[in-house]
Amino acid sequence: MGAPTWASVGSMIDPIILFFVLGLAAGLLRTPLRLPPAIYDLLSILLLLAIGLKGGVELHGQDFLPLVPQIVGVGLLGFILPFIFYPVLKYLGKLKKADAASIAAHYGSVSVGTFAVALGYLEARKIPFEEHVPLFVVILEIPAIIVGILLAKGLSKNTNWKLVFQEVFFGKSIVLLVGGLAIAWIVGSEGLKPLSPLFFDLFKGVLALFLLEMGLVVSKQLSSLRKYGVFLVVFAVCAPIVGSLFGIVLGGWLGLSIGGTTILATLAASGSYIAVPAAVRISIPEANPTLSLTASLGVTFPFNVVVGIPFYYYLTVLYFG
Amino acid sequence: MKSTQRKLLTIITEAALEGSLENDLEKLGAKGYTILDARGSGHNGLRSANWDATKNIRIEVICSEELSGKVINHLKDVYYDNYAMILFVSEVEVLRPEKF
């Protein structure tokens, strides 16, 4: 083995990450490139369903009871994370109460895009993980939003909880993930065979196109970074690392494999940029949406996708000895 | 051809408000409305609509002068402080006044 050659370095990089970088570069170079919104919608629907289906296949015929501790543990993690981030944002970052609560909600919740990249990372390296991990996405997505709203307003009568619950529980991502899980759980892997060319064989390709668009979107966020200063950037890099540590310890407690723990760490590290912004915009109107979106989409998402996931895998391996 | 005067209320705002505004309009008694996706630029910078958080909508309501006043006051009280919202009223003539 001599010095690493270009070919050996190249083969270590996930091609899907390079699609993200390509989108980012195209956006920064002001290339007139943009996926039509309807195509972007279709890609995200395919990803959500495919992730749900993958998880459901494994649950088919499996006893539900052993999963209960995991469901409770992961749910608790979703409640705890915003409480850790909130005081940091409010007292160290000197942000307004509404902004601190909104950002805490974003970081307590999850990013499905980041999750999909983590799945791709483990699959490419043939690292086994519990196939029911998409269940964790569903569980982790919800509690932080509710905690965030409570932190901002308390149990205020002005909050339209009906609208919030509608947005949180019946939002696109939850319905498609749970729907996919349910369909695969009912029919099992044999029954899904006719669908696998679309949902499973094309998964990586769909993810690559999705990340290309994400790169373009992120490049638009970068210009607002300068406005909000150093604290937000530092937070957007440190919060995921802190979150991942909670995920790793919890994964160890729950007896997950190294792969499963890496996924849980990635989920705890990721910040929402779809479900939470929509829910928070209607329920914490005084929070500045650019602030939270710049942090989670402009910094944390690229950080997680490019360096975070391999790093969390490395930390997990260290922790498991 | 006999026509009647009505008000056309046009609201341009963040897509995130679509659900709440639909509720509000129904509660205040609007008999109908039209929602369109919108793009543009203004006080809040470029709203390019290539991302959920930058999507805008344009809502058009044709209604009586009384109702348009009620809707305007409600929107001013509830949304003006925290949301990007443009609101204007114009005169229109309709052929079937009972519909509006």
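Predicted model: local features only at pLDDT ≥ 70, side-chain atom pairs only at ≥ 80, totals over all residues.

Chain B contains two helices and six strands, and their order along the sequence is β-α-β-β-β-β-α-β. The C-alpha trace of chain B extends about 45 × 25 × 20 Å along its principal axes. Of the 100 residues in chain B, 26% are buried. Among contacts in chain B with a separation of 6 or more, 73% are between residues 24 or more positions apart.

Strand β1 of chain B, residues 4–14, has two pairings to follow. With strand β6 of chain B (residues 85–94), β1(B) runs antiparallel, and ten bridges join the two. One position to look at there is B:Q5, which stands opposite B:E93 in β6(B). With strand β5 of chain B (residues 56–63), β1(B) also pairs in the antiparallel sense, over eight bridges. In that pairing B:I12 stands opposite B:R58 of β5(B).

In chain A, helix α13 covers residues 258–269, twelve in number. From first C-alpha to last, α13(A) reaches 16 Å, close to the 16 Å expected at 1.5 Å a residue. How many of the twelve residues of α13(A) are buried? Eleven are, so α13(A) is largely enclosed by the rest of the structure. For burial, the cut-off is 20 or more other C-beta atoms within 10 Å of a residue's own. The buried residues of α13(A) include A:G259, A:G260, A:I263, A:L264 and A:L267. The elements of chain A covering them include α4 (68–92), α6 (112–124), α7 (134–141), α12 (203–253) and α15 (289–319).

Key. Residues numbered from 1 in each chain as written. Chains lettered and ligands numbered in written order. Helix = DSSP H or I, 4+ residues; strand = E, 2+ residues; numbered from the N terminus. Contact = placed C-beta atoms within 7 Å. Expected span 1.5 Å × (residues − 1). Pairing = 2+ DSSP bridges.
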